[in-house]
Amino acid sequence: MSMIICESVVKIYKAHDLEVFALQGLDLTIEKGELMAIIGSSGSGKSTLLNLLGGLERPSAGSLLVDGNNLLRMTEKQLKMYKRLTVGFVWQNQGRNLIPYLTAQENVEIPMLLQGRKKSQKARQLLEMVGLGHRLKNRLNQLSGGEQQRVAIAIALANEPPLLLADEPTGSVDSKTGDQLLNVFREINETLNTTIVIVTHDTELTKKVDRVVNIRDGKISSEMFRMQPHELEELMMQGIQEENTHLEYTVVDRTGRLQIPEELLHTLNLGDNKQSRVQVVEEDGQLIIKPQPSLNPTKK
Ligand SMILES: Nc1ncnc2c1ncn2[C@@H]1O[C@H](COP(=O)(O)OP(=O)(O)OP(=O)(O)O)[C@@H](O)[C@H]1O
């Protein structure tokens with residue numbers, strides 16, 4: 001069974017008399033053991049999706065299964081266990097919210113203490129896994145931003161959750177540190193088989209994961225898959241110097257709707273907050289979308 005199955009997920013926020021449709025029927029499946037990224041412009045619904053997956057908020061409608069848990073039907077008590085055992089969360093700048101005068105090891109032990117008893121050995125193992133084996137006894141305020149973020153990752157892994165969610169984890173570190181953090185995520189993904197979902201604006205990071213999902217207006221609009229060596233080779237043989245690392249596919253949803261890429265809307269003078277018409281025809285197994293000729297072009 002897949003780790004995450006979102007079907008027609010809707011999230012509506014009510015603020016005063018206004019309703020904001022943050023997610024508008026989102027479909028997404030993420031397999032166990034995937035390490036993938038979610039991108040999208042500001043306000044597209046990325047954090048909303050992560051909050052739903054993390055059990056911090058509930059979907060308004062649709063169906064959302066994570067590791068077999070139905071997040072629409074769970075009781076408060078089940079949700080509490082879910083947050084403790086099934087998901088770990090890493091936020092941007094999280095390292096700065098840890099306790100500065102305690103050591104790295106103590107910072108990892110504290111949440112464990114709250115669970116019952118002190119597990120020094122476990123805390124050490126986790127810190128070794130994130131590459132901080134040599135900094136166990138350093139106080140947090142003696143660590144760099146990237147190292148503090150690694151402590152935050154170790155804390156998120158304390159109960160070895162099958163799913164790790166990260167919201168802009170490299171948002172406030174330089175590119176070299178961001179690269180090292182991605183390597184930490186990869187190591188965790190490979191050794192613990194943790195499924196990892198990273199919301200990011202960091203294009204260096206997205207180049208290095210196999211699948212990148214793009215959210216637009218509360219729905220998945222396209223997905224990018226890292227090109228396999230034979231695909232790159234094929235392009236080279238055709239004489240195409242491909243600078244991109246991924247191939248992008250527009251998603252056709254279960255009812256047949258698709259979102260035309262924004263730059264093409266602009267090029268073809270479609271959309272732009274007005275409704276327009278196109279002809280959709282099939283030719284030799286290809287789908288061709290032709291804008292309706294202007295009815296009265298001279299009046300334009
Ligand atoms: N608690 C809330 N109450 C009302 N509206 C909200 C709330 N949280 C989010 N929204 C709205 O929902 C939409 C999606 O927000 P969300 O934070 O998921 O976007 P995002 O893609 O994460 O953006 P960013 O990249 O800027 O963080 C936005 O229009 C936002 O204003």
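Leucine 165 has valine 197, in strand 8, as its bridge partner. That bridge belongs to the parallel pairing of strand 7 with strand 8, which runs over five bridges; two strands count as paired if DSSP finds at least two bridges between them. Strands (E, at least two residues) and helices (H or I, at least four) are DSSP runs numbered from the N terminus.

Keep in mind that this is a predicted model: local features need pLDDT of at least 70, side-chain atom pairs count only at pLDDT 80 or more, and totals for chains, interfaces and linings use all residues. Residues are numbered from 1 along each chain as its sequence is written.

Now the whole sheet: it is open, has seven strands in the order 6-7-8-3-9-10-11, and its pairing is mixed. Strands 6 and 11 stand at the edges with a single partner strand each, so one side of each has no neighbour in the sheet. On average, neighbouring strands are turned by 20° against each other, direction ignored; axes are lines fitted to C-alpha atoms.

| Element | Residues |
|---|---|
| Strand 6 | 87-91 |
| Strand 7 | 163-167 |
| Strand 8 | 195-199 |
| Strand 11 | 246-250 |

As for the ligand, the residues around it include Tyr13, Val20, Lys46 and Thr48, where being near means a C-beta atom, placed from the backbone, within 6 Å. Strand 1 (4-15), strand 2 (18-30) and helix 1 (46-53) each give two or more residues to this shell. Helix 1 gives the largest share, three residues.

Note on methods. Axes fitted to C-alpha atoms, helices over the stretch in contact; angles between N-to-C directions.
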